[in-house]
Amino acid sequence: MTKPAALDIPLKASYNVVSQTYKGTDIDIHEVCEAMRKKTPIYEGDFIAQFGVPTNAGLAQGTKPTFAVFNYDDVMTVLRDADTYTSGFILKGFGAAFEGGLFILGLDGEQHRKVRQLLQPAFVPATVNKWRGKMDRVIREDFLQPLVADKKANLMDFGLYFPIRIMYSLMGFPENDPEQYKQFASWSLLMAGANQIDPDKIDEAKRLGMLAAQGLYDAIKEVVVKRREEGAEGEDLIARLLRADNEGQRLTDHEVVTFVRSLLPAAGETTTRTLSCILVMLFTTPGLLERVREDRSLIPRLIDETVRYEPIATFKVRETSREVEMHGVKIPKGSFVQAMVVSANRDEKVFENPHEFNIDRKARPSFGFGFGPHMCIGQFVAKLELNCALNAMLDLYPNMRLDPDYPVPKIEGAQLRGASEVHVIWD
Ligand code: HEM
């Protein structure tokens, strides 16, 4: 795989760029949202501006009338009604790094529905569960077992690498170049980092984002073309996408390449961040670690409650396709609406004691994987990966606990949340 010198950036450095870009000010977003829920259901203005982070609107942020909503019901309305609250503008936010090809997150209406129908079968639990053995093997053999004798680790070193390593394998890339997935991981983060609001960083970030996008395109295209030629057999994602057929509608090579490319950032650092949040909650909630160690059937609840309590993506922005009225406020056509997921997930009207982390709470939808037509298509993949990773850690690292030589890890960030390090020891 050819690699422009400018892109010779290690994964951790790319991850830090994304973390810094989306971390923002030290304002506690949970606190500010709680105050807003008490004060008003709708904020007229750019609520996100105070956090100093880019939104999906990129440079268009601040150029249109903007509103923010905080309640469970309103966030649900915005995410559910994708015809009124549209996503097409997202493409421009990331600039040319994602332009052209299949970027499903930025599709609207009938076009989105058709593509989603075509892709969906590759992501349903029946398909995804077939990958469990492969995931488990990669996590245990490639990552966790080699560390057993060390009796200590920063789990986020593993957390940073394993989601892309798994996607690399599930997608059906050749396994003869074990280092290539690290390159993929780093480049996918450079694409995500191209969405900047800092004028001093925009040009360089976009340049790197474009180079990374092209590098990924070329590498993925090579594999896709070869797989098509060979008959696209097998259960891996690329083969399934090449064979996908919805009433005669099929994906071109270009669409498969650009979709696979867009999956890397969607599937990689989201899972990394979510794992960090789960681990922080697992290690810092009294009694929880012992319960989960003894009863692994609690892991799905642990994942769901973390995704409610600490969604790694704190808000979603949409653009109105018509004038709407909410709580007596007229929102003109063409406005940005900031749906505050982080607030809705702790709405007192819906969740009892919302600021309590409680894996036993009554199950009900929250918005950490989104909601409605754009709801995360990869959520079953992510949940299975996280489940395998947690089980493997608990199996392989006896009496795993936080390392007392390090500060207790903290979840932080205004737009993208997570903990950068989780140091543990075991017996
Ligand atoms: C824990 C990890 C993950 C989290 C928290 C997460 C979160 C989300 C959220 C919130 C959305 C909705 C975006 C919106 O409404 O604008 C989304 C969409 C999406 N996610 Fe995930 N995601 C995760 C893992 C994955 C994985 C593993 C994959 C792929 C295998 C994936 C692929 C996608 C795709 C393709 C979309 C766009 C769907 C559409 O627009 O119809 N995600 N994700």
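Predicted model: local features only at pLDDT ≥ 70, side-chain atom pairs only at ≥ 80, totals over all residues.
Residues are numbered from 1 along each chain as its sequence is written, and side-chain values use heavy atoms, leaving out hydrogens and water.

**Sheet with β10.** I read strands (E, at least two residues) and helices (H or I, at least four) as DSSP runs, numbered from the N terminus. Two strands pair if DSSP finds at least two bridges between them. I found an open, antiparallel sheet of 3 strands, ordered β4-β10-β9. Its edge strands, each pairing on one side only, are β4 (152–154) and β9 (401–402). Leu402 has Val424 of β10 as its bridge partner.

**Strand β2.** I then turned to β2 (residues 66–69), where Thr66 and Ala68 on one side and Phe67 and Val69 on the other are all buried (under 20% relative accessible area with a 1.4 Å probe, protein chains only; exposed is over 50%, partly exposed in between). β2 pairs with β1 (residues 42–44) in the antiparallel sense over 3 bridges, and with β8 (residues 336–339) in the parallel sense over 4 bridges. Val69 is the bridge partner of Ile42, and Ala339 in β8 is the bridge partner of Val69.

**Iron.** I checked donors (N, O and S atoms within 2.8 Å of the metal, or 3.2 Å for Na, K and Ca; water is not among the atoms, so sites may look incomplete). The only protein donor of the ligand's iron atom is Cys376 (SG), at 2.3 Å. Cys376 is in the loop between α16 (341–344) and α17 (379–396).
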